[in-house]
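The stops below go from a set of strands to a cavity and then to a pair of helices.

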Amino acid sequence: MAKAGYRIPAPLNRSFLDHEIVLSGGGWSIRPAPIKQLLVVAGGVLLTLWSATSSFISDAGPLWIALWVIWSLSTVVYLGGMTRTKELRLMTVPALLAYLPPSSRRVLTRRNSRPGDLYTIIGINRIDPAGRIHYTDGAQGQAYLVVGTASYLLFEADRQAILDRVDAFWRKLETSCEWITVTTKEPQRVHHQLAAAEQRKRALTARDPDLAALQREQYAILGQQAGRASIHQYLVLRGTSADALRRAEQLLHAEVEGSALMLKEATALGREETLAMLASLYQGVDHARSPHSDTLHCPEDR
């Protein structure tokens with residue numbers, strides 16, 4: 001039976017400072033807070049009081065001392081707050097400082113640009129012709145185009161069956177392989193349908209105006225309606241080794257073949273399709289699909 005609600009479980013690397021305690025007394029109480037948050041806030045308050053009474057700031061006027069105390073306490077409260085993932089905002093400061101320089105927020109992917117910046121972000125060494133992804137740390141991966149069963153029109157019984165199946169599936173996975181879900185908004189791939197329509201056009205022996213109008217209508221439907229941007233979902237398996245990736249692929253194929261509740265289809269991507277998927281992530285759909293735009297390449301293509 002599917003659960004009525006779900007929560008984020010406690011991480012395995014939880015330490016003593018991550019335990020939550022409740023401060024209460026005299027009829028009042030605050031919501032549970034981890035010990036590390038209380039230590040950071042207490043340390044920030046003590047540091048603020050010391051700086052306002054014993055440092056060079058104490059030599060300033062009362063107005064400047066008051067402004068300093070207000071700003072310092074506001075900073076302590078903000079940095080001592082918790083994110084949705086139960087992490088201190090203070091821990092995000094190094095990442096913020098690394099993101100502030102404009103050079104860290106803009107990575108060029110032109111053919112004449114240095115590949116090192118993009119290489120450090122993606123971490124992919126090469127993609128072989130079969131679509132196998134080789135990472136810089138020795139891991140191997142494979143990308144799949146997947147089709148699920150999510151819909152607003154599901155009956156309650158189908159919803160419960162899907163949740164039970166998904167819950168049972170994730171319990172079977174090994175920790176040696178990472179399952180990465182990638183959702184993009186990109187045009188439907190209709191080049192095969194357009195090629196078939198072109199072949200039918202060339203195979204016509206009679207030039208009838210009605211048939212020509214029907215063919216133009218088919219081209220318009222494929223190019224303007226079916227070719228519009230829609231939601232695509234990919235699944236990237238990233239195993240620590242080739243054997244770990246093989247076991248994960250066996251689980252995936254068994255799930256697709258055994259039931260359509262979690263995944264209806266899972267199509268392995270080749271090299272060109274994997275590059276197109278990565279281009280939609282790191283360049284954007286418009287740039288990745290434009291014939292005049294820069295192309296995303298693996299280091300081996302440079």
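The model is predicted, so local features need pLDDT of at least 70 and side-chain atom pairs count only at pLDDT 80 or more, while totals for chains, interfaces and linings use all residues. Residues are numbered from 1 along each chain as its sequence is written, and side-chain values use heavy atoms, with hydrogens and water left out.

Two strands count as paired if DSSP finds at least two bridges between them. Strands (E, at least two residues) and helices (H or I, at least four) are DSSP runs numbered from the N terminus. The hairpin of S5 and S6 has four residues between the strands, and glycine 131 there takes a positive phi near 95 degrees.

In the hairpin of S6 and S7, with four residues between the strands, look at glycine 138, whose phi is positive and near 95 degrees.

Now turn to the second largest cavity, with about 50 Å³ of space. A cavity is a set of points, on a 1 Å grid over the protein atoms alone, where a 1.4 Å probe fits but cannot get out; lining residues have an atom within 4 Å of a point. To show the lining, select Leu173, Glu174, Ser176, Cys177, Trp179, Ala244, Arg247, Ala248 and Leu251. Which helix gives the most to this lining? H9 does, with four residues.

Finish with helix H1 (residues 35–54) and helix H2 (residues 62–79), which pack at about 165 degrees with axes 9 Å apart. That angle makes H1 roughly antiparallel to H2, a term for angles over 145 degrees.

Note on methods: On a 1 Å grid over the protein atoms alone, a cavity is a set of points where a 1.4 Å probe fits but cannot get out, and a pocket is an open set with protein on both sides within 12 Å along at least five of seven lines; lining residues have an atom within 4 Å of a point. Grid points are joined across faces, edges and corners, and a volume is the space filled by probe spheres set on the points. Axes are lines fitted to C-alpha atoms, for helices over the stretch in contact, and angles run from 0 to 180 degrees between N-to-C directions. Angles under 35 degrees count as roughly parallel, over 145 as roughly antiparallel, 65 to 115 as roughly perpendicular and the rest as oblique.
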